[in-house]
Amino acid sequence: MQDWLKERVYGGNITAELHGKEAVVAGWVQDIRNLGGIAFIQLRDREGTVQLTALKKENRELFKTLTTLNRESVVAVKGLVQPNKEAPGGLEILPRTLDVLNAAAAPLPMGVIDKVGVELDTRLNARFIDLRRPESAAVFRIRSSVLRGIRAQFESEGFIEVHTPKIVATATEGGTALFPVQYFERKAFLNQSPQLFKQMLMATGFDRIYEIGPAFRAELHDTVRHLNEFTSIDIEMAFTDEEGVMGVLERCLQSAVKRVLEERPKELATLNVQLEVPKLPFQRLTYTQCVEIANSKGVKVEWGDDLEMDATKAIAGETQGFYFITRWPTAIKPFYAHPFEDNPKESRGFDLMFGEKEITSGAQRVHEHDLLVQRLKDKGLDPESFDFYLQAFRYGMPPHAGWGLGAERTVMILTRRENVRECVLFPRDRRRLSP
Ligand code: ATP
Ligand code: MN
């Protein structure tokens with residue numbers, strides 16, 4: 001590597017003060033147009049592309065090397081920046097020094113600038129090339145801002161970041177959706193949710209915690225919304241109820257959208273997405289209202305049934321943007337959702353929705369030990385296997401509430417992607433374990 005590479009700037013966003021000066025740029029040779037005496041090379045880096053204009057008569061050797069490279073080779077160039085109305089971006093660089101850092105092999109597993117649509121499977125197989133395409137990279141730059149916005153909200157509201165174990169002995173909900181792992185001479189599992197651990201932390205006095213980490217679910221689903229490994233954004237908060245944590249959630253999503261608008265206007269334009277800062281508070285519908293809406297639109301739902309896709313599609317028609325569904329039947333929410341004291345058939349569980357898609361589930365939790373044991377039994381679970389968790393409820397557990405928000409589903413909604421796999425770098429699904 002040449003010493004001058006240290007002076008590298010992004011060719012994709014060279015500013016006017018560099019006009020007439022020497023600059024160092026480096027990146028991928030995206031396209032070469034050789035007209036004989038003059039050649040135009042599109043050099044791409046993280047921020048976009050810049051035109052290199054090479055003249056044969058200036059430097060025959062450099063001209064030859066640059067024009068005979070395979071597409072997507074990596075080069076560094078030092079040259080004069082000058083305005084050129086004809087060049088894309090209004091400027092060009094006249095290369096004086098060239099360093100070929102790594103020549104690419106041909107043919108490429110997939111094209112970077114070809115206009116023809118490529119199947120998602122092909123893109124995911126060649127993900128390192130797919131992510132050179134601005135549309136693919138934009139999703140992850142937006143994802144980064146979404147997470148930054150949410151994290152900033154947590155920090156401004158006094159949340160402490162924690163990390164709970166991902167190798168665990170018991171299922172969070174006794175479900176079957178667990179990946180087993182061999183843990184020395186015992187059987188263990190990959191955790192499907194930090195639920196039990198974040199609740200235990202409410203017995204410590206931490207008061208407000210958040211975790212952003214992986215969750216593993218051995219679900220057999222093959223849908224555009226399900227991954228077998230996803231990133232879960234979780235909070236737990238003491239001395240509050242479900243409304244308290246719904247407020248945190250609304251503010252987090254508002255903060256995320258603001259960040260994206262501030263930091264990623266270019267990426268939003270690349271994806272042709274218009275975003276608006278959502279207004280607070282989000283709309284709230286009770287589960288009972290949702291059942292009525294669905295039935296009034298010809299989707300048969302009995303009170304107590306889960307809301308399937310046809311029902312949530314009908315409900316989505318009555319909503320705009322994000323909305324909450326509250327007061328779910330206790331029977332279809334997990335054991336840790338707190339029943340309403342005056343009407344135990346309904347719980348303090350809620351979901352946050354966008355259109356027909358669920359992106360968050362949360363609740364005020366059961367904090368009373370004996371009620372929790374009863375709720376486990378009601379769900380057919382064995383309290384003994386939850387002993388490590390139940391202990392935390394015996395020696396001073398405050399009332400608390402929390403939620404889990406799927407990072408990929410959030411990004412999917414904000415970037416208007418159709419498949420959640422587009423919002424994770426290397427998706428894990430029923431068929432895909434590599435790359
Ligand atoms: P769904 O009913 O859509 O399968 P869920 O109710 O099983 O989701 P929760 O256990 O409530 O999911 O998890 C909380 C959040 O985590 C969900 O609202 C969603 O955003 C995200 N999530 C859950 N499972 C998955 C998955 N398999 N792939 C991607 N995100 C998921
Ligand atoms: Mn849920």
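1. Strands S7 and S9 (residues 186-190) pair in the antiparallel sense over 2 bridges. Strands are DSSP runs of E, at least two residues long, numbered from the N terminus, and two strands pair if DSSP finds at least two bridges between them. The bridge partner of Ile167 in S9 is Leu190.

2. This is a predicted model, in which local features need pLDDT of at least 70 and side-chain atom pairs count only at pLDDT 80 or more, while totals for chains, interfaces and linings use all residues. Residues are numbered from 1 along each chain, ligands are numbered from 1 in the order in which they are written, and side-chain values use heavy atoms, without hydrogens and water.

3. The open sheet has 3 strands in the order S7-S9-S8, with antiparallel pairing. Its edge strands are S7 (167-168) and S8 (180-183), each of which pairs on one side only.

4. Around ligand 1 there are 13 residues (a heavy atom within 4 Å); Arg217, His226, Leu227, Glu358 and Ile359 are the closest. Polar contacts are pairs of N or O atoms within 3.5 Å. Oxygen atoms of ligand 1 lie 2.8 Å from a side-chain N or O atom of Arg217, 2.7 Å from a polar side-chain atom of Glu358 and 2.9 Å from a side-chain N or O atom of Arg409. Ligand 1 alone exposes 590 Å², of which the protein buries 81% (Shrake-Rupley method, 1.4 Å probe).

5. The manganese ion (ligand 2) has Glu358 (OE) and Ser361 (OG) as protein donors, 2.2 to 2.3 Å away. Donors are N, O and S atoms within 2.8 Å of the metal (3.2 Å for Na, K and Ca); water is not among the atoms, so sites may look incomplete.

Terms used
Helix = DSSP H or I, 4+ residues; strand = E, 2+ residues; numbered from the N terminus. Polar contact = N/O pair within 3.5 Å; in protein donor to acceptor, adjacent residues only side chain to side chain.
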